[in-house]
Amino acid sequence: SVTLAEFQAALEGVAEIQGIDGLRKRLVSFGYTKTLQVLEILEASGVDPSKLLSLEEFGAALCRIHVVEPNEHQAIFDNVRDRGDFTSKASVNDLMAALGSVGPWMLLEDLADRCHQKWDSADATWAGLGPGAKGDSITLQAFEKKLEKLGLKHMAAQKASRILDVDAGGELSRSELLSALALSRPTLHMEDFRRKVQQRYRSIEAIFRESFEHMENEELNNDDDMRLSCDEFAEILEALDFSRRETSYLFWLADANGTKRLTLYEFFRGVKLFVPSCMVEALRLQGLARHARISDLFRHCGISWEKRLGPKAFAQLLQKLDIKCEDPHNAFDFLDVRSCGSISLREVVATLQNVMPGTKERSTLWECDRRAEKDVKNYLAPLHKTVTALKTTMKQDIEEDTPSPLARTSVCSRTERRNSDRAVFNKTDLGFYLAQETFQRISSDAEATPMFRHPKATDYCGEKTVEGLCGYLKSSSSTMELHGKLLSHHYSRTDWHQRHNQIKAVLARKI
């Protein structure tokens with residue numbers, strides 16, 4: 001028998017690669033537990049990672065990692081090299097930089113793989129890397145020493161500590177460590193979701209700021225009183241086409257302690273660990289706002305593309321190019337995928353070229369109006385159907401033969417009565433058309449006819465339909481008036497949570 005996961009892996013293993021994200025899914029489907037395995041395999045086969053390779057040489061290197069089709073070699077090569085120079089070449093280091101743009105932190109992915117091989121559970125991992133029985137958190141210095149014992153180099157251990165200590169508190173908690181490791185594990189069914197989150201990151205932040213107005217122009221806070229459940233996060237993210245199942249994946253990975261509730265700060269910390277490329281999205285957008293290609297931004301900067309730059313030199317380059325970056329050191333850490341302490345402009349270009357933008361274009365005002373009109377029609381469709389059926393039923397009953405008592409008092413036939421009714425008022429009169437197109441009771445000369453003077457004819461709609469509708473509309477109007485003050489006040493999610501906690505406290509005291 002074949003499991004669903006095995007079947008999905010087989011499909012992704014034979015799917016055509018058209019970009020760097022397709023290459024990553026190929027690697028995950030073939031059982032690669034970390035992206036750095038690509039570098040290890042190519043270095044073991046004698047390929048110099050810093051050497052610039054032609055398309056043929058680059059394709060020969062890709063064949064060693066299960067990419068054998070020439071059209072796939074061309075697609076990957078075009079995504080890695082300088083797109084503004086058709087004679088340019090690409091190196092393995094450029095390939096690694098591009099792979100780093102479509103996955104989690106490569107360093108954390110490596111750390112998660114090492115922990116998975118040495119320990120079989122989250123509790124065992126925390127027992128091995130945490131403070132033991134001394135407390136609930138470990139200092140960064142002690143954590144770095146344990147990472148070095150696990151096999152990481154000193155520079156990589158320091159970088160891992162900086163990444164994990166998001167709040168710069170100088171200590172690492174159990175939740176911060178275990179959630180980061182869980183978010184960094186390569187899982188095939190999460191790759192499409194990772195792409196979705198990466199493309200919508202700016203919209204995710206905007207919709208949360210819109211939902212919680214008190215956070216305007218402020219950082220997402222870490223207020224313990226503002227803890228949301230998975231369903232509440234899913235309700236907010238549904239507007240961005242996230243299913244509840246997808247939101248629950250990210251929620252439970254970020255909720256390493258199993259509290260079933262997260263603050264906004266904890267949730268967004270998980271998002272940034274899940275898709276770290278969001279930290280350089282602003283750099284990419286600023287570059288594309290000035291140039292047609294990312295490579296054109298650095299083409300005339302006066303620095304060789306092969307020169308290695310440290311964090312300070314990279315920050316100075318951004319300042320020289322007038323590129324605004326909130327935290328250049330974090331951006332440098334992300335671009336330094338091999339954790340060697342330096343990057344080249346060629347690697348920067350390869351990374352920014354493959355940061356996946358969103359696929360949805362901004363809707364025009366006309367499109368928004370059309371969508372709103374369609375939504376309103378869909379919302380009112382049941383009511384419209386009910387009213388249409390009511391009008392049809394009333395019309396059919398009115399056109400039927402009148403009841404027998406009325407028939408006995410009338411000598412003329414049904415055709416003659418209809419002709420006499422038409423003669424009562426002029427066809428050019430507005431009342432005539434209203435009587436035909438609507439079923440409201442209107443004052444006109446038609447009431448002078450014997451049929452309309454008969455009580456059973458006039459009471460047909462009055463006893464059941466009209467009184468029922470009037471009563472319904474009157475009760476709805478009264479309800480709206482009673483709740484006028486409530487409806488006129490705008491309640492944010494913050495107010496809702498505060499009110500919810502107050503009511504919950506009152507009920508707890510009464511119980």
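Which residues have the most contacts inside the largest nonpolar core? They are F208, F267 and F298, and that core has 76 residues.

Before I go on, a word on what we are looking at. This is a predicted model, where local features need pLDDT of at least 70, side-chain atom pairs count only at pLDDT 80 or more, and totals for chains, interfaces and linings use all residues. Residues are numbered from 1 along each chain as its sequence is written, and side-chain values use heavy atoms, with hydrogens and water left out.

Now the overview. The protein chain has 29 helices and four strands. Helices (H or I, at least four residues) and strands (E, at least two) are DSSP runs, numbered from the N terminus. Of the 511 residues, 41% count as buried. Buried means under 20% relative accessible area, exposed means over 50%, and partly exposed is in between, with a 1.4 Å probe and protein chains only. Next, contacts, meaning heavy atoms within 4.5 Å. Take the contacts in the chain with a separation of 6 or more: residues 24 or more positions apart account for 69% of them.

Back to the cores. A nonpolar core is a set of buried Ala, Val, Leu, Ile, Met, Phe, Trp, Tyr and Cys residues joined through side-chain atoms within 4.5 Å. In the core of 76 residues, helix α16 (residues 264-274) gives the largest share, six residues. There is also a second, separate core of 29 residues, and F58, L62, A90 and M106 are among its members. As background, nonpolar side chains tend to be buried together in soluble globular proteins.

On to the rings. How many aromatic pairs does a search of the whole structure find? Twelve. Rings of Phe, Tyr and Trp (its six-membered ring) pair if their centres lie within 6.5 Å; planes under 30 degrees apart count as stacked, over 60 as edge-to-face, and the rest as tilted. Take F251 and W252. Their ring centres are 5.0 Å apart and the planes stand at 90°, so this pair is edge-to-face. F251 has 0% relative accessibility and counts as buried. W252, at 43%, counts as partly exposed.

Compare F314 and F332. That pair is tilted, with 6.2 Å centre to centre and 50° between the planes. F314 is in helix α19 (residues 311-320) and F332 is in helix α20 (residues 328-335), so the pair ties together parts 18 residues apart in sequence. Both F314 and F332 are buried.

Ring pairs also build a cluster: F208, F233, F251, W252, F267 and F268.

Charges meet rings too. A charge sits over a ring if NZ of Lys or CZ of Arg is within 6 Å of the ring centre and within 35 degrees of the ring normal. The charged end of R194 sits over the ring of F274, 4.4 Å from its centre. R200 lies over the face of F242, 5.8 Å from the ring centre.

Next, helix α8, residues 122-129. Here T125, W126 and L129 are buried. The buried residues of α8 pack against α7 (106-118), β1 (137-139), α9 (140-150), β2 (171-173) and α11 (174-184).

Nine of its nine residues are buried, so α6 is largely enclosed by the rest of the structure.

Then H73, in helix α5. At 9% relative accessibility, H73 counts as buried. Leaving out residues up to four places away in sequence, H73 touches L55, G59, L62, C63, V67 and V68.

Last, the backbone. Most residues other than glycine have a negative phi. Two residues here have a positive one. H66 has phi near 70°, and S339 has phi near 55°. Where do they lie? H66 is in the loop between α4 (55-63) and α5 (70-80). S339 is in the loop between α20 and α21 (345-353). H66, at 37% relative accessibility, counts as partly exposed. S339, at 13%, counts as buried.
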